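Colleague: I have a model open and want to know what the words used for it really mean. Can you take me through them one at a time?

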Amino acid sequence: TDREAEELGRDSIKVGRQIDEGIGDGAREAEESVNSLFDAMRQDVASIKTSGAIMAVQSLWDMASNAYSSVEGFVDGTLDYRRQLSLLLYNSQSTGFGTDHVEKSMIEVAGMVNDTSAAVEGLSNLLQIGFPDESRFSEAMQNLLGASVRWPETMKFENLAESLQETLATGKAVGAYGELLERLGYNLDDFNKALDKSQTKEGDIDIALKYLKSEELAASYNE
């Protein structure tokens with residue numbers, strides 16, 4: 001009936017309000033509340049007999065369905081982000097870096113590589129290197145991001161970070177990092193000799209950063 005259609009319309013508006021309020025109060029609670037309301041709306045639709053009433057509420061039903069899908073996607077994405085961030089913050093505990101800096105780095109990397117898991121993997125590898133300060137950590141991150149933007153098919157951020165960590169651990173350029181140095185025009189034997197002459201871990205890091213400094217990578221990062 002027309003009255004039933006009117007009631008369904010009010011329910012669809014209530015869905016939208018619960019979505020808006022739920023995002024602020026807790027995504028999971030919002031989804032559960034919307035689930036319950038949506039079940040009631042389905043029963044209301046089933047009870048409407050007249051074709052005129054059904055036509056009147058069809059657009060409202062479509063709008064509510066789209067809103068429901070958006071909430072599901074928001075909840076899944078929010079929970080995944082929190083899990084990934086928690087893992088990264090756990091991996092950063094020994095570095096002394098501020099949580100705000102780590103979270104900002106994750107947001108930046110995830111936005112550029114379009115993959116939260118890859119961002120966490122790559123940043124975790126960089127954190128294992130043991131950069132003496134946030135500045136040099138960020139310098140390495142930005143240069144590797146620049147390489148991943150410059151050669152997106154072959155230079156993945158997480159692979160570059162892993163190979164940089166392995167390079168500094170073994171004292172020899174390996175993997176994607178070694179390939180990157182060659183693309184930048186460096187001779188790997190010269191790089192390896194420079195690492196051999198270094199007497200400290202901090203010195204090794206500074207050498208690796210020096211070889212990463214490139215106008216080409218900087219331009220790609222700033223695109």
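Colleague: How many cavities of 30 Å³ or more does a search of the whole structure find?

Modeller: The search finds one cavity of 30 Å³ or more. First, a caution: this is a predicted model, where local features need pLDDT of at least 70, side-chain atom pairs count only at pLDDT 80 or more, and totals for chains, interfaces and linings use all residues. Residues are numbered from 1 along each chain as its sequence is written, and side-chain values use heavy atoms, with hydrogens and water left out.

Colleague: What makes a space a cavity, and what makes it a pocket?

Modeller: Both are sets of points on a 1 Å grid over the protein atoms alone. In a cavity, a 1.4 Å probe fits but cannot get out. A pocket is an open set with protein on both sides within 12 Å along at least five of seven lines. Rolling a probe the size of a water molecule over the atoms shows where empty space is left.

Colleague: Which residues line the largest cavity?

Modeller: Leu-88, Val-102, Ser-105, Leu-123, Leu-127 and Phe-137 line it. A lining residue has an atom within 4 Å of a point. The space inside is about 30 Å³, where a volume is the space filled by probe spheres set on the points, and points are joined across faces, edges and corners. Helices α4 and α5 (116-129) each supply at least two of the lining residues.

Colleague: How is the lining of the largest cavity divided by class?

Modeller: It has five nonpolar, one polar and no charged residues. Ala, Val, Leu, Ile, Met, Phe, Trp, Tyr, Cys and Pro count as nonpolar; Asp, Glu, Lys and Arg as charged; the others, Gly among them, as polar.

Colleague: What about the largest pocket: how much space lies in it?

Modeller: About 180 Å³. Its lining divides into seven nonpolar, one polar and three charged residues. Among them are Met-112, Asp-115, Lys-156 and Phe-157. Helices α4 (99-113), α6 (134-150) and α7 (157-170) each supply at least two lining residues.

Colleague: What counts as a helix here, and how many does the chain have?

Modeller: A helix is a DSSP run of H or I with at least four residues; a strand is a run of E with at least two, and both are numbered from the N terminus. The chain comes to 11 helices and zero strands.

Colleague: Why is His-101 called buried?

Modeller: Buried means under 20% relative accessible area, exposed over 50%, and partly exposed in between (1.4 Å probe, protein chains only). His-101, at 18%, is therefore buried. Buried residues make up 42% of the 223 residues in the chain.

Colleague: Which residues does His-101 touch, leaving aside its neighbours within four places in sequence?

Modeller: His-101, in helix α4, is in contact with Glu-134, Phe-137 and Ser-138. Contact means heavy atoms within 4.5 Å.

Colleague: What makes the link between the side chains of Ser-138 and His-101 a polar contact?

Modeller: A polar contact is a pair of N or O atoms within 3.5 Å. Within protein, one must be able to donate a hydrogen and the other to accept it, and residues adjacent in sequence count only if both atoms are side-chain atoms. The two side chains make such a contact at 3.0 Å. Ser-138 is found in helix α6. Its relative accessible area is 12%, so Ser-138 is buried as well.

Colleague: Is Asn-114 buried or exposed?

Modeller: Asn-114 has 71% relative accessibility, so it counts as exposed. Asn-114 is found in the loop between α4 and α5. Its phi is near 60°, a positive value in a residue other than glycine.
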